[in-house]
Amino acid sequence: MRSAWQQQEHVSYCFYGSKRTMMLEIFNNSNSPFYRFGQVIFMDKIAKEDWIPFITSSFEKTGKKCSAEYASRICDIVECHSWYLQQLCYFIWSYTDDEVDEDSYNRGLRQTLNINTPMFQNDTENLSQSQIEMLRAISNGETKLSSEDVKHRYSLGNPNTITKNKLALVKRDILDNDKGILTFIDPLYRIWLKG
């Protein structure tokens, strides 16, 4: 592909994805055919303030109503993750007769989780038990993974195991480590793990 693309003129290509480590590997690994092929640009998520009018107007165009409150909840639950936001909106829309209510919101969320469950199961099957427990701890809001209480409650292992698991989960693009704060890259996976 690279050799064919290098022959083309007046053409631009855009590769995009939410798996930061994988994207960096494609363009920054000297063994990759796309090594230094183009610029790597990190983009912020679309802001909630921009999503809310988009969601409400999109429902209105089809003769249905989604209040700003529900649009806000949709943004919050998927942390403005574009793919999941649109998927969740579609399922909520499909369960809505006239106006989004608690039932259509909850049914849409359940359907979104159900449709993604095989992917989450596959991701989880490839993890060790202590890695799964670490993810559960983080999904439950735990921040002090090395504290005796948290280590014991979630069977996280010794400090060396905790450090190795953090690094492994970041490398696998499951967690992001921003200045020592671990967060899920995939907000729906976090919800799914909480069960």
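## Terms and overall fold

Helices (DSSP runs of H or I, at least four residues) and strands (DSSP runs of E, at least two residues) are numbered from the N terminus. With this rule, Lys179 is placed in the loop between β1 (175-178) and β2 (181-184). The structure is a predicted model, in which local features need pLDDT of at least 70 and side-chain atom pairs count only at pLDDT 80 or more, while totals for chains, interfaces and linings use all residues. Residues are numbered from 1 along each chain as its sequence is written, and side-chain values use heavy atoms, with hydrogens and water left out.

The protein has 10 helices and two strands, and read from the N terminus its elements follow the order α-α-α-α-α-α-α-α-α-β-β-α. Taken along the principal axes, the box that holds the C-alpha atoms is roughly 60 × 55 × 30 Å. If a contact means heavy atoms within 4.5 Å, then 55% of the contacts with a separation of 6 or more are between residues 24 or more positions apart.

## Surface and charge

A residue is called buried under 20% relative accessible area, exposed over 50%, and partly exposed in between, with a 1.4 Å probe and protein chains only. Of the 195 residues of the protein, 36% count as buried. The accessible area, found by the Shrake-Rupley method with a 1.4 Å probe and, for residues, with only the protein chains shown as cover, comes to about 12500 Å² for the protein, and carbon and sulfur atoms supply 51% of this area.

Lys and Arg are counted as positive and Asp and Glu as negative, while His and the chain ends are not counted; the place of a charge is NZ of Lys, CZ of Arg, CG of Asp or CD of Glu. On this basis there are 23 positive and 25 negative side chains, and the centres of the two sets lie 6 Å apart.

## Salt bridges

Side chains of opposite charge can pair when their charged atoms come close. A salt bridge here is a side-chain nitrogen of Lys or Arg within 4 Å of a carboxyl oxygen of Asp or Glu, and the protein has eight salt bridges by this rule. One of them joins Arg190 and Glu79, with an N to O distance of 3.1 Å. This pair links distant parts of the chain, since Arg190 is in helix α10 (residues 187-194) and Glu79 is in the loop between α4 (68-77) and α5, 111 residues apart. Glu79 is partly exposed, at 31% relative accessible area.

Another salt bridge is formed by Glu133 and Arg136, at 3.2 Å from N to O. Because they are three residues apart in helix α7 (residues 129-139), about one helical turn separates Glu133 from Arg136. Glu133 counts as buried at 15% relative accessibility, whereas Arg136 counts as partly exposed at 32%. A further pair is Arg153 with Glu142, at 2.7 Å from N to O; Arg153 lies in helix α8 (residues 148-154) and Glu142 in the loop between α7 and α8, so the pair ties together parts that are 11 residues apart in sequence. Arg153 is partly exposed, with a relative accessible area of 43%, and salt bridges that share partners join Glu142, Asp149 and Arg153 into one network.

## Surface patches

Patches are made of residues with over 30% relative accessible area and no salt bridge, where like charges are joined within 9 Å and nonpolar side chains (Val, Leu, Ile, Met, Phe, Trp, Tyr) within 5 Å. Asp97, Asp98, Glu99 and Asp101 form a negative surface patch. Within this group, Asp101 is located in the loop between α5 (82-94) and α6 (102-125), and Asp101 counts as partly exposed because its relative accessibility is 38%.

Val11, Tyr13 and Phe15 make a nonpolar surface patch of about 260 Å². Val11 lies in the loop between α1 (2-6) and α2 (20-28), and Val11 is partly exposed at 45% relative accessible area.

## Backbone angles in two loops

Most residues other than glycine have a negative phi, and most peptide bonds are trans. Ser155, in the loop between α8 and α9 (159-171), has a phi near 50°, which is a positive value in a residue other than glycine. Ser155 is exposed, with 53% relative accessible area. Lys179 also has a positive phi, near 55°, and Lys179 is exposed at 80% relative accessible area.
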